[in-house]
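Subject: Structure handover

Dear colleague,

I am handing over the structure we spoke of. Please look at it first and then read the notes below.

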Amino acid sequence: MDADVFPSEEGLWRSGPLIARGPRSVARLNRCRQEAAPALPQLREPYARHAACPGRWIADFDEFTALLSGWAEVVGEARRRRWGLIGLPI
């Protein structure tokens, strides 16, 4: 299965879509992440201007890039194992 989005069921976690990626989609996602990674530092200033939320879950660009780095490990390992991924709303 290579579907991308399933609607959430009421009362299950938080409202929002459940996202599923099959193994082929994970491989493409990993390639896109690798291609985009070198440009990430260029987003520091726009992130500070438009998205930084001091005192919140992701307060600044450094915390944002740490989150992306962790997610990159998950995606890379799923690609290596030829697994799919499921993203649940938190």
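This is a predicted model: local features need pLDDT of at least 70, side-chain atom pairs count only at pLDDT 80 or more; totals for chains, interfaces and linings use all residues.

**Findings**

Glu45 is partly exposed, with a relative accessible area of 46% (buried means under 20% relative accessible area, exposed over 50%, and partly exposed in between, with a 1.4 Å probe and protein chains only).

Residues are numbered from 1 along each chain as its sequence is written, and side-chain values use heavy atoms, with hydrogens and water left out.

**The chain as a whole**

The chain has three helices and three strands (DSSP runs numbered from the N terminus, helices being H or I with at least four residues and strands E with at least two). Read from the N terminus, the order of the elements is β-β-α-α-α-β. Of the 90 residues in the chain, 19% are buried. The accessible surface comes to about 7,000 Å², and carbon and sulfur atoms hold 58% of that area (areas come from the Shrake-Rupley method with a 1.4 Å probe; for residues, only the protein chains shown count as cover). Among contacts with a separation of 6 or more, 48% are between residues 24 or more positions apart (a contact means heavy atoms within 4.5 Å).

**Salt bridges**

Side chains of opposite charge can pair when their charged atoms come close. How many salt bridges does the structure hold? There are four (a salt bridge is a side-chain nitrogen of Lys or Arg within 4 Å of a carboxyl oxygen of Asp or Glu).

To return to Glu45: its salt-bridge partner is Arg49, and the closest N and O atoms of the two are 2.7 Å apart. Both residues belong to helix α2, where they sit four residues apart, about one turn of the helix. Arg49 counts as exposed, because its relative accessibility is 53%.

Another salt bridge joins Asp62 and Arg44, at 2.9 Å from N to O. This pair links distant parts of the chain, since Asp62 is in helix α3 (residues 61–81) and Arg44 in helix α2 (residues 44–50), 18 residues apart. Asp62 is partly exposed at 44% relative accessible area, and Arg44 is also partly exposed, at 42%.

Glu77 and Arg81 form a further salt bridge, with an N to O distance of 2.5 Å. The two are separated by about one helical turn because they lie four residues apart in helix α3. Glu77 has a relative accessible area of 28% and is partly exposed; Arg81, at 42%, is partly exposed. Salt bridges with shared partners join Glu77, Arg80 and Arg81 into one network.

**Aromatic pairs**

A pair of aromatic rings is described by the distance of the centres and the angle of the planes. The structure holds three aromatic pairs (rings of Phe, Tyr and Trp, the last by its six-membered ring, pair if their centres lie within 6.5 Å; planes under 30 degrees apart count as stacked, over 60 as edge-to-face and the rest as tilted). One of them is Tyr47 with Phe64: the ring centres are 4.9 Å apart and the planes stand at 25°, so this pair is stacked. Tyr47 is in helix α2 and Phe64 in helix α3, 17 residues apart, and the pair links distant parts of the chain.

Is Tyr47 buried or exposed? Tyr47 is buried, because its relative accessible area is 13%. Phe64 counts as partly exposed at 21% relative accessibility. Phe64 also pairs with Phe61, with ring centres 6.1 Å apart and planes at 45°, so that pair is tilted. Phe61 and Phe64 are both in helix α3, three residues apart, about one turn of the helix. Phe61 has 5% relative accessibility and counts as buried. Ring pairs link Tyr47, Phe61 and Phe64 into a cluster.

**Cysteines**

How many disulfides does a search of the whole structure find? The search finds zero (a disulfide is a pair of cysteine sulfur atoms within 2.5 Å). Cys32 counts as partly exposed at 48% relative accessibility, and Cys53 counts as partly exposed at 34%.

Regards
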